[in-house]
Amino acid sequence: MSAEPRPSPDRGDAPAARGPPPARPVAVLGGGWAGAVAAYRLSASGIPVVVHEAGSVLGGRARRVERSGLAIDNGQHLLMGAYGATLAVLRGIHQQPDADPGLRRFRLVVAPFERSPGPLLEAARLPPPWDLVGGMLRSRALDWNERLAAVRWLRGLAKSRYARPDGETVDGLLAPLPPSVRRLLAPLSLAALNTPTERASSAMFARILGRLAAGRGGTDFLLPLLDLSELLPEAAARRVEARGGEVRLRSTAQVAAIRDDGVDIVATEGQWTASAAIVAVGPHQLEGAFSPGVAALPGVGRAIGLTGALGYEPTTTVWLGFRERLRLPAHIARLDDRPGHWVVDRHDVLERSPEAAQAHALRGFLAIVISAGGPHDDLDAKSLFGEVHAQLRRLRPEFPTPVWSQVIAERRATWSCVPGATRPEAGRIADRLYLAGDYTDPGLPATLEAAVASGERAARALIGDRER
Ligand SMILES: Cc1cc2nc3c(=O)[nH]c(=O)nc-3n(C[C@H](O)[C@H](O)[C@H](O)COP(=O)(O)OP(=O)(O)OC[C@H]3O[C@@H](n4cnc5c(N)ncnc54)[C@H](O)[C@@H]3O)c2cc1C
């Protein structure tokens, strides 16, 4: 991967070669998961690519962040067994067809962080939908009437093929359920949609439940064992480079013009002409990826208009290092939302950075996740750390004191998954111009799976157009 400007691929500064002129590369704008997958798929099909990434590391909203020598991430990311597109790409990139490369698989468990006799919910070892049904029937948080109400509700959703009315919120969907069942399901919706349940789209939450029930292991949790840049985008970039492609870091690019024979790209390091472009930037960055002339094209203008109407939700992660080895009730444990929602055991961060772990004398490492916005947004890092520490102590008075902390607040972590949020779809939006990104999948909220599936879709649309 190069941070330095390189000669433009078609300036003609390479020595003349015999035979047909080399095909012009495709420009991929954005080196997040969507752009990395699009570039990987094109390269694998023999199409040369140049990836422009504005940041200094690949990964976008799912990237490695280095702090005091520790390779933490910009936030805790959880994948699900139902992430079929992501798992397929990871298996291809890491060349491990039968594994979950770079991931550790757990059964879905909702276990309270405080001392308790056991989990509140644990998926049964059964094929879907019996894994969730079995989990509900054994839930320690529910009495028998509540368990049956939860199972009837799940069956009703399945019977309706997980369809819900367009304008309904998740609170509306959960309203008929007993409060104890709502308390179990609402945190799962918040975690999946990163949008408070009083505003979140029930249609999207229901679709996700449908996806989880669609195949064996769909409800499994998959936790990254590699940092988020290494897990997919950097591994994809190595494959792209091995096939003669280029990945340019610190390179902000714009689609300047579309001509009959190519697409003009203006980037930090210079201008060049690509054969086509895939724009895989975040939704709030879309308008900046086009010159005014290109933005005025109907398909491009429509995409910019739709993304302009989206709202955004933050996600805050408080990373904590401890001198002690820690034992959580489960790898991911439930907090009481004041302010942390979930705590994740991230000892793997220390295993990846043994020297830094030793230098800071760290033996335990946690990520505390706070989904969406709230009063915590007004706190500075020190105050938020204080609140999270107090929360852990309130729930488990014997819990040790962190000696290292880092707060990372991503203000635009995801687009707001509210009813009626209309979005453009991945694929061709103008001649030689294609769109990808986590906001372009009509069936998914802003997730890694949506990003990966969109990168695949954009690449396939481009390949299909070439073959025509
Ligand atoms: C803290 C946090 C926690 C999350 N947790 C989860 C989770 O648990 N599970 C899950 O599935 N998803 C989670 N997500 C969502 C997930 O990270 C995103 O949906 C996904 O990473 C989006 O990928 P993308 O490639 O579509 O967009 P981005 O990651 O935004 O990538 C766009 C890239 O384009 C670059 N760029 C922008 N403009 C230009 C330009 N003009 N030229 C060149 N480059 C440009 C940007 O620098 C960026 O790298 C989380 C997100 C955050 C922030």
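A polar contact is a pair of N or O atoms within 3.5 Å. The exercises below apply this cut-off and others to a predicted model.

**Exercise 1. Which backbone atoms of the protein lie within polar-contact distance of the ligand, and how much of the ligand does the protein cover?**

Step 1. Begin with Ala 34, which has a polar backbone atom 2.9 Å from an oxygen atom of the ligand.

Step 2. Turn to Leu 448, where a backbone N or O atom is 2.9 Å from a ligand oxygen atom.

Step 3. On its own the ligand has 1,000 Å² of accessible area, of which the protein covers 92%.

**Exercise 2. Describe the shell around the ligand and locate it relative to the domains.**

Step 1. The shell consists of 33 residues, and the closest are Glu 53, Arg 61, Leu 78, Tyr 83 and Asp 438.

Step 2. By class, 13 of the shell residues are nonpolar, 16 are polar and four are charged.

Step 3. At least two shell residues come from each of α1 (33–44), β19 (404–415) and α15 (448–467).

Step 4. Domain 1 (26–53 + 228–310 + 422–467) and domain 3 (313–415) both contribute to the shell, so the ligand lies between them.

**Exercise 3. How far apart are the centres of domain 2 and domain 3, and how many residues does each give to their contact?**

Step 1. The chain is divided into three parts: domain 1, domain 2 (124–219) and domain 3 (313–415).

Step 2. Taken over C-alpha atoms, the centres of domain 2 and domain 3 are 27 Å apart. Ten residues of domain 2 and eleven residues of domain 3 take part in the contact.

**Exercise 4. Is Arg 334 buried or exposed, and what surrounds this residue?**

Step 1. Arg 334 belongs to strand β16 (residues 332–334).

Step 2. Its relative accessibility is 12%. Buried means under 20%, so Arg 334 counts as buried.

Step 3. The side chains of Arg 334 and Asp 337 form a polar contact at 2.8 Å.

Step 4. Beyond four places in sequence, the contacts of Arg 334 include Val 110, Phe 113, Glu 114, Pro 187, His 341 and Trp 342.

How values were computed:
Residues numbered from 1 in each chain as written. Predicted model: local features only at pLDDT ≥ 70, side-chain atom pairs only at ≥ 80, totals over all residues. Heavy atoms only, no water. Helix = DSSP H or I, 4+ residues; strand = E, 2+ residues; numbered from the N terminus. Buried < 20%, exposed > 50% of the residue type's maximum accessible area, 1.4 Å probe, protein only. Polar contact = N/O pair within 3.5 Å; in protein donor to acceptor, adjacent residues only side chain to side chain. Contact = heavy atoms within 4.5 Å. Near = heavy atom within 4 Å. Areas by Shrake-Rupley, 256 points an atom, 1.4 Å probe, with all protein chains shown as cover. Nonpolar A, V, L, I, M, F, W, Y, C, P; charged D, E, K, R; others polar. Domains from an automatic or database assignment.
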